[in-house]
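Please read each point against the coordinates.

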Amino acid sequence: MENSYKKIFEANKKWVEKMNGENPDFFAHLAKEQNPDYLYIGCSDSRVHANEIMGLQPGEVFVHRNIANMVVNNDLNVLSVINYAVEHLNVKFIIVCGHYNCGGIKAAMQPKDLGILNPWLRNVRDVYRLHEKELDNIASPDERYNRLVEINVYEQCLNVIKTAEVQKSYYEKGYPRVAGWVYDLNEGILKDLNIDFEKELNRIRKIYDLTKEK
Ligand code: CO
C-alpha cells in the first residue's frame, strides 16, 4: 500500500520529464490560461476518465464528476461548474456522459435503504418513475439497466437545459449546445445519444423558460 502510494510521485516526475521532452513550453503554456470548448459532466467511476476517452489533452475539457453523472437542481457544486463554464469559459458544448455498468444506477434500481446515498439516488429513482412504462416493458434486467443509464443521461441533459445560464447564453451567442453520451466500458466506445438539442430546448421553454427578467 505504502509503495503504491509513493509510486504516484515517481510516476508524476516521469510524466513531467516526458511532457517537457515533447514540448518544453507545455507547462508554461497551460499555466497561463485554460480555454476548453467542452464541459464534461460524468460519473466518478474510476474506469471512465474524460480526457482519455475523448482523446483530449489537459486544458481542453472542463470536468465535473459525481455518482451517476447527475445534474441536481439544488446541487451548488454542479450548478457552479455550469455557471463558470458557460459565463467565464464560454464552452461550446456541455456533455452529460453516463456509462453502462454504472454502480450508482444499479444501486438506485434496488428499492432499499442505502443510508446517506438515499437523497442522491432518489434523483435517479425519480428518473425511473418518469419513464416507468418504458422501463417496465423491458423484460431483461440487464437491458432495463442499460436503458435506465441512457434515459438518465437524457434527463440530466434536460436539467442542464433548464438552467438560466445555458438558455441565455444560447439565445445570445448560439452556444453552448447540450449533448448526451454513454460510454461502453466493455469496448471503450463512446455512443452519442443524438439528443435533438433545439427540439428539447423549445419543448422545455414552455415551462422552464428563464431567459426573461422578472
Ligand atoms: Co457510474
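**Notes on the model**

1. Arg144 is a residue of helix 8 (residues 141-161); helices here are DSSP runs of H or I with at least four residues, strands are runs of E with at least two, and both are numbered from the N terminus. Apart from neighbours within four places in sequence, Arg144 is in contact with Met109, Tyr128, Leu135, Ile138 and Ala139, where contact means heavy atoms within 4.5 Å. The C-alpha atoms of Arg144 and Arg203 are separated by 26 Å, the two residues being 59 residues apart along the chain.

2. On provenance: this is a predicted model, in which local features need pLDDT of at least 70 and side-chain atom pairs count only at pLDDT 80 or more, while totals for chains, interfaces and linings use all residues. Residues are numbered from 1 along each chain as its sequence is written, and side-chain values use heavy atoms, with hydrogens and water left out.

3. The domain assignment gives domain 1 (1-32) and domain 2 (34-206); such bounds come from an automatic or database domain assignment. Between the C-alpha centres of domain 1 and domain 2 the distance is 31 Å.

4. What is the order of the strands in the open sheet? The five strands run 2-1-3-4-5, with mixed pairing; two strands pair if DSSP finds at least two bridges between them. Strand 2 (61-66) and strand 5 (189-192) are at the edges with a single partner strand each, so one side of each has no neighbour in the sheet. On average, neighbouring strands of this sheet are turned by 25° against each other, direction ignored; the axes are lines fitted to C-alpha atoms, for helices over the stretch in contact, and angles run from 0 to 180 degrees between N-to-C directions.

5. Within this sheet, strand 1 (residues 38-43) pairs with strand 3 (residues 93-99) in the parallel sense, over five bridges. Tyr40 has Ile95 of strand 3 as its bridge partner.

6. Which residues coordinate the cobalt ion? Cys43 (SG), His99 (NE2) and Cys102 (SG) do, at 2.1 to 2.3 Å. Donors are N, O and S atoms within 2.8 Å of the metal (3.2 Å for Na, K and Ca), and sites may look incomplete because water is not among the atoms. Along the chain, the donors of the cobalt ion follow the spacing C-x55-H-x2-C. Cys43 is buried at a relative accessible area of 6%, and both His99 and Cys102 are buried. Buried means under 20% relative accessible area, exposed over 50%, and partly exposed in between (1.4 Å probe, protein chains only).

7. With a disulfide taken as a pair of cysteine sulfur atoms within 2.5 Å, the count comes to zero disulfides. For Cys157, the closest cysteine sulfur is that of Cys97, at 9.9 Å, too far for a bond. Cys157 is buried, with a relative accessible area of 1%.

8. Some backbone geometry deserves a look. The peptide bond from Tyr175 to Pro176 is cis, with omega near 5°, and Pro176 is placed in the loop between helix 9 (164-173) and strand 4 (177-184).

9. Ala68 is not a glycine, yet has a positive phi of about 70°. Ala68 lies in the loop between strand 2 and helix 4 (76-87) and counts as buried at 0% relative accessibility. Asn90 also has a positive phi, near 55°; Asn90 is in the loop between helix 4 and strand 3 and is partly exposed, with a relative accessible area of 23%.
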